[in-house]
Amino acid sequence: MSKKAFIFDLDGVIVDTAKYHFLAWQKLAQELGIEFTPEHNEELKGVSRVRSLDIILELGNVTASQEDKNKWLFQKNEDYLSYLVDIDESEILPGVLPVLHYLKDKNQLIALGSASKNARPILEKTGILPLFDAIVDGNDVSNAKPDPEVFLRAAQLLNAKNEDAIVFEDSVAGVQAANIANMTSVGIGDDKILHEAKYNFKDFTFIDVSFIEALIN
Ligand code: B16
Ligand code: MG
């Protein structure tokens, strides 16, 4: 059996923190008098915090000083973190744990490839940090998805070839990043939104052992 590199995005793939990002951004947008809908939020998935704020400000045609932007970025993150205080393993999305454990049992390599700067504490609180052979997050990269930097670094840390890497992603930008990196992209979510992914599943409960087995071999 060969060894493949399985790279997981965090928000929207392993845990449902995408909803907390949305709530925190929506609160800020409201304060700034900017209309911000779940549809707008799609554009923010997998995108860095700084770029997310710029997108929201562009939506409302708001220009701001760097000082104000820093203040709002801080405020949004504090608000986001307040939702994370009590999270535990129940936050892990259905079907994810069995896949992680199956990969571990089969001696496969597992990495995180997330844009979030809050990734480590989330993995710790949900109890799955020890399952990861490598972690690349928003603190390690300078180029945001769809730039493939985050996934290329993860494969590098795992000593794996890009073509032996499989990326699970819920964002359009993340799927594009995986494709650019020559990795196998697996979209998690709406297949109309993630139509560029090589494979697509509504969520992990739709992924069965035979699919993972085929990826390994
Ligand atoms: P933070 P992922 C991304 O995580 C989120 O999808 C995106 O909405 C968020 O803005 C970004 O992380 C930065 O997160 O503010 O915690 O640094 O999906 O790449 O795991
Ligand atoms: Mg995501």
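Student: Which domains does the domain assignment of the protein give?

Tutor: Keep in mind that this is a predicted model. A domain can be made of separate stretches of sequence, as domain 1 is here: 5-15 + 92-216. Domain 2 covers 18-84. The contact between them takes 12 residues from domain 1 and 11 residues from domain 2.

Student: How many Å separate the centres of domain 1 and domain 2?

Tutor: The centres, taken over C-alpha atoms, are 24 Å apart.

Student: How many residues surround ligand 1, and which are the closest?

Tutor: There are 17. The closest are Arg-49, Ser-114, Ser-116, Lys-117 and Asn-118. Sorted by class, the shell holds 5 nonpolar, 6 polar and 6 charged residues.

Student: Which polar side-chain atoms lie within reach of an oxygen atom of ligand 1?

Tutor: A polar contact pairs N or O atoms within 3.5 Å. Arg-49 places a polar side-chain atom 2.7 Å from a ligand 1 oxygen. Ser-114 also has one at 2.7 Å from an oxygen of ligand 1. For Lys-145, the distance from its polar side-chain atom to a ligand 1 oxygen is 2.9 Å.

Student: How much of ligand 1 does the protein bury?

Tutor: Start with the ligand by itself. Taken alone, ligand 1 exposes 460 Å². The protein buries 97% of that.

Notes
Residues numbered from 1 in each chain as written. Chains lettered and ligands numbered in written order. Predicted model: local features only at pLDDT ≥ 70, side-chain atom pairs only at ≥ 80, totals over all residues. Heavy atoms only, no water. Near = heavy atom within 4 Å. Polar contact = N/O pair within 3.5 Å; in protein donor to acceptor, adjacent residues only side chain to side chain. Areas by Shrake-Rupley, 256 points an atom, 1.4 Å probe, with all protein chains shown as cover. Nonpolar A, V, L, I, M, F, W, Y, C, P; charged D, E, K, R; others polar. Domains from an automatic or database assignment. Contact = heavy atoms within 4.5 Å.
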